[in-house]
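Here are a few notes to read alongside the model.

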Amino acid sequence: MGAILIVEDEMLERDFLKAIVMEEVSANHVVLSCSTGGEAVALAKQHCPEILFLDILIPEKDGLSVLEEIRTFLPDSKAVILSAFSDFSYAQKAIDLNVSKYMLKPVKPREITAILHRLMGEIADSKKQAVPEAEREIVAITEIQGFIKEALHFIQENYKEKITLQKVSAHVYMNPQYFSRVFKREVGLSYTDYVNNLRIDYACKLLETSDYPSYRISSECGFNDPSYFNRVFYRQMSTTPNKYRKNAHIGTGS
C-alpha cells in the first residue's frame, strides 16, 4: 500500500490539500499529514511515502531541510515543494534535492491534481519495469486479500457497534466505493448483508439464551432501528424474533 505525506503547518491548508489528494488517489494509498518537521521525518521513516507535499516554512525545521534528511533513507520518493516564496535560493536547493515540482502559493486544486496524477503515473511505470509481469497479478491479489482480511477482522470485532461502510473502509485506508466493490467480489456478499448476517446470528443466540425484549436485542446487535431489525430478521430467518424465541424454547423443553 503506497503512502502520500502532506507537511503543512496551516490547518486549513493542510486539510485542503488532504481532501484533494484523498479524492484523487486509489484505494491502495494512505494519505498522511502533519504540521512540523520532526513529525514529517518520523512519519516518513514509519510509512516510507512515495510522494511528499512539503511547505517550506514549518516549525522545528524548514521543508527543504526535512526533505534533505528524508532523502538519506528515501532517495527515490517524489517531492513537491509548496511555498509562498519565489526566492531563487529556495528553488536552487529544491533542484539539488531532485524536487519534482516547486509550486507557488496559492495553489489551485487542478494544479495539485495534475502534479499528483503525473507523479503517480511515474511511480506506476517504474513499478511495472521493476516487477516481472508474471508477478504483478500475484502482488495485486495479495494486497486485496490483505485488506479484506483486515476488514473482516475489524467487522467481526465491532459488528455489535454502529459501524458504517465508511468507517470500515477508512480503517483499511480504502476509498468507500472501491472497498464496497472489492468486498462484494471477494466475500460474495455486500458489506451490509455480511454485517447483518453476523448481527442476526448474534440475535438468535440472545433470543435463545436471554429474556431481553426484542428492542434491546436490536440495540445489542448494533441495529439503530428495532423495526429494521425485525425486517432483516424475518428476511433471513423466515419468522419473527418472538416466534423464533418460542420455537427455540419449545425445542429445548424450557
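Helices (H or I, at least four residues) and strands (E, at least two) are taken from DSSP runs and numbered from the N terminus. This is a predicted model, in which local features need pLDDT of at least 70, side-chain atom pairs count only at pLDDT 80 or more, and totals for chains, interfaces and linings use all residues. Residues are numbered from 1 along each chain as its sequence is written, and side-chain values use heavy atoms, with hydrogens and water left out.

1. Let's begin with helix α8, residues 176-187. Just after α8, Gly188 has a positive phi of about 90°. The expected span of a helix is 1.5 Å times one less than its number of residues; for the 12 residues of α8 this gives 16 Å, and the end C-alpha atoms are 16 Å apart, which agrees.

2. Which residues of α8 are buried (under 20% relative accessible area; exposed is over 50%, partly exposed in between; 1.4 Å probe, protein chains only)? They are Phe179, Val182 and Phe183. They cover an arc (taken from the directions from the helix axis to the C-beta atoms) of only 105°, which puts them on the same side of α8. An α-helix has 3.6 residues a turn, so residues three or four places apart point the same way. On the face turned away from the buried side, α8 carries the exposed residues Gln177, Arg181 and Arg185.

3. Look at the start of α8 too: a side-chain oxygen of Asn175 comes to within 3.0 Å of the backbone nitrogen of Gln177.

4. Helix α2 (residues 37-47) has Gly37, Ala40, Val41, Leu43 and Ala44 buried. Seen down the axis of α2, these fall within an arc of 165°, so they line one face of the helix. The buried residues of α2 pack against β1 (2-7), β2 (29-34) and α3 (63-70), with contact meaning heavy atoms within 4.5 Å. Lys45 and Gln46 are exposed on the face turned away from the buried side. Just after α2, Cys48 takes a positive phi of about 50°.

5. Two loop residues deserve a look. Asn98, in the loop between α4 (88-96) and β5, has a positive phi of about 60° although it is not a glycine; Asn98 is exposed, at 53% relative accessible area. Ser238, in the loop between α11 (226-237) and α12 (241-252), also has a positive phi, near 60°, and is exposed at 59%.

6. Finally, the peptide bond from Lys105 to Pro106 is cis, with omega near -5°. Pro106 sits in the loop between β5 (101-104) and α5 (109-130).

Definitions and conventions. Polar contact = N/O pair within 3.5 Å; in protein donor to acceptor, adjacent residues only side chain to side chain.
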